[in-house]
Amino acid sequence: MRTIKLSELPTQRIFKWRFTDVFNLFIYINCLWLLIFFMSAKSLDLFEHRMVVLFAAIGVWRYSWWFINFFRALIFEFVAFPKLRKKANQLSASGWKPPHIYFVIACYKEDRATLEDLLTAMIRECYQIGVPATLFLSGDYDSEIIVRDFVRSNIKPTSHNQRPMFQVVAIRQTLPDKRIALGQCLRSLSRYGVIDDCPVILMDSDAIMSRGVLERCVPFFELNPKLQALTTDEQAIFNGPKWMSEMTELRFAQRHLMMQSHALSKRVLTLTGRLSMFRSQIITAPEFIERLENDYIDHWLWGRFRFLSGDDKSTWFLLLKQQAEMLYVRDVMVYTVEHIEGNGFARTLQNLLRWSGNMLRNNGRAIDLGPRIVPPYIWWCLFDQRLVIWTSLVSPIAAILMTIHTGWAFVPVYLAWLGLSRLGLSLIIFRYAGRIHLSFPFLIYILQVTNALIKVYIIFRLPRQKWANRTGAQTNLRSDKSYWFEHLMAKYLTVLSLSSLVLVLAVYIGAMKLPF
């Protein structure tokens, strides 16, 4: 059960010092110092080995990239965004309001309490800004009943000639396909007669707005006619295992840092499905809706295949292709409700497969747009998403090879390297997480290696898509006998790429000698 009330949800991140967290960090640092202090002479001699030099070289490259993003995020936080916020606040204070606000939600078998919390926050925000709103809901029959009853009970009655402050247009969802559901909503919105330059807000059915989301986000569209979409900060209301809660905190803290760095280039790398706002003209354009419903890529091995999940990546790519400006609103919070039953390992693996697949299916075509269409820094970030797959595997593979080659003396050297390097990253991330999490140094490494292995698997099997989060498991991977060659080739390329990396590292550290 959740313990946080809607009225108590923080509207933005605030760092809090806790004695227990500082004490745990002190213990961690002392354990690292003891590990290094009591290393054997043989372990210390390995610091001069070329493998340590390789670790240092990759570390300098990767962590300098982190610090560049950290520096850009600070510029956005203290220089670029405050100017935008000041103008937005002045516009709100002048009495400006959009004529209408539109919400679009695809809801399928959502928990009643979560759906009612979403509606409570949505209605509260609409009354706070004082603008009429229409919710376009594509859902199953039970969800329609929940929404209808809740809105009837909580919307104030109006006079005969007065337009309702909040109304719902329901579109019956007949298939558990979120893309089709969103397309149906947007087509209905287009026929409804959408007003130009009004915000259209795409939300997940488990997302809850904190206070002030509409008031603090909507003015940005009026201030910048080139702005076509924006997204906000996220945190989770988590009902599940503690380790998954910590992992979610880490993911959202990293996202908060990186999104601010990217926003300095007036782009972001994803328009998250939890909550994103779009200018009405662009999201109701027929070609936009068509591509959202039936997004696909043509792959050299697998041919043409349709995307199942990743609708937020499709909307992002369509705007990126049109060179549309995007914004990250760093001081506005949206919460996602996570209900996890059991140990959570299966759900975590499923999420990593889905996120990695969505990223890789869009990454290649975004890179192909080139740095003339995509801002150069954003283009390099996209390219780096490919490089980091392999650089993340260098460390664990090399450590295994070195241990086999030199014995257990290398293990404390590697542990010391991991402890120091991941602590350095964590010290930055703590600031964006709002507190010190001692689990972060361990989770960073585990997720780096796990994500890299998953992406190596997915990169040769891009049509493989499963989405069992409320919509049932689905797959686009063809399995009939006529496609045996594609399956065999995918296995061959996976083995070839990993074995090539192992071979190069084995030769480099001297564990293997070439016959020539």
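First, the ground rules. This is a predicted model, where local features need pLDDT of at least 70 and side-chain atom pairs count only at pLDDT 80 or more, while totals for chains, interfaces and linings use all residues. Residues are numbered from 1 along each chain as its sequence is written, and side-chain values use heavy atoms, with hydrogens and water left out.

A word on labels. Helices (H or I, at least four residues) and strands (E, at least two) are DSSP runs, numbered from the N terminus.

Now the sheet. Eight strands form an open sheet, in the order S3-S2-S1-S4-S7-S6-S10-S5, with mixed pairing. Which strands stand at the edges? They are S3, residues 166–172, and S5. Each has a single partner strand, so one side of each is left without a neighbour in the sheet. The twist averages 25° from one strand to the next. Two strands pair here if DSSP finds at least two bridges between them. In general, strands of a sheet pair through backbone hydrogen bonds, either parallel or antiparallel.

Let's look at some pairs. S1, residues 101–107, and S2, residues 133–139, run parallel and share seven bridges. Tyrosine 102 has threonine 134 in S2 as its bridge partner.

Next, S10, which covers residues 325–339. Of its 15 residues, 14 are buried. Buried means under 20% relative accessible area, exposed means over 50%, and partly exposed is in between, with a 1.4 Å probe and protein chains only. S6, residues 227–239, pairs with S10 in the parallel sense over 12 bridges. There, alanine 236 stands opposite threonine 336 in S10. S5, residues 207–209, runs antiparallel to S10 and is joined to it by three bridges. Isoleucine 208 takes tyrosine 335 in S10 as its bridge partner.

On to helices against the sheet. Axes are lines fitted to C-alpha atoms, for helices over the stretch in contact, and angles run from 0 to 180 degrees between N-to-C directions. Contact means heavy atoms within 4.5 Å. H6, residues 178–192, lies across S1, S2, S3 and S4 (199–204), at about 150° to S1. H12 lies across S6, S7 (275–279) and S10, at about 175° to S10.

Is H12 enclosed or open? The buried ones include Asp311, Asp312 and Lys313, along with Trp316 and Phe317.

Now H9, residues 242–263, with two helix partners to discuss. Take H13 (residues 345–368) first: the two axes come within 11 Å and cross at roughly 20°. H9 and H13 are therefore roughly parallel. The angle classes are: under 35 degrees roughly parallel, over 145 roughly antiparallel, 65 to 115 roughly perpendicular, and the rest oblique. Trp243, Met244, Met247 and Arg251 in H9 meet Phe345, Arg347, Thr348 and Trp355 in H13. That contact has five nonpolar, one polar and two charged residues. For those classes, Ala, Val, Leu, Ile, Met, Phe, Trp, Tyr, Cys and Pro count as nonpolar, Asp, Glu, Lys and Arg as charged, and the others, Gly among them, as polar.

How does H9 pack against H16, residues 440–459? At an angle of about 80°, with the axes 10 Å apart. H9 and H16 are therefore roughly perpendicular. Glu246, Met247, Glu249 and Leu250 in H9 meet Phe440, Leu443, Ile444 and Leu447 in H16. This contact divides into six nonpolar, no polar and two charged residues.

Last, the loop residues. Histidine 49 is in the loop between H2 (41–45) and H3 (50–93). Beyond its neighbours within four places in sequence, histidine 49 contacts Met402 and Ile509. Isoleucine 509 is 460 residues away in sequence, yet 8.2 Å away in space, C-alpha to C-alpha.

Most residues other than glycine have a negative phi. Lysine 109 has a positive phi, near 55°. It sits in the loop between S1 and H4 (112–129), and lysine 109 is exposed at 55% relative accessible area. Glutamine 323 also has a positive phi, near 60°. Glutamine 323 lies in the loop between H12 and S10, and counts as partly exposed at 43% relative accessibility.

That's my tour. Questions, please.
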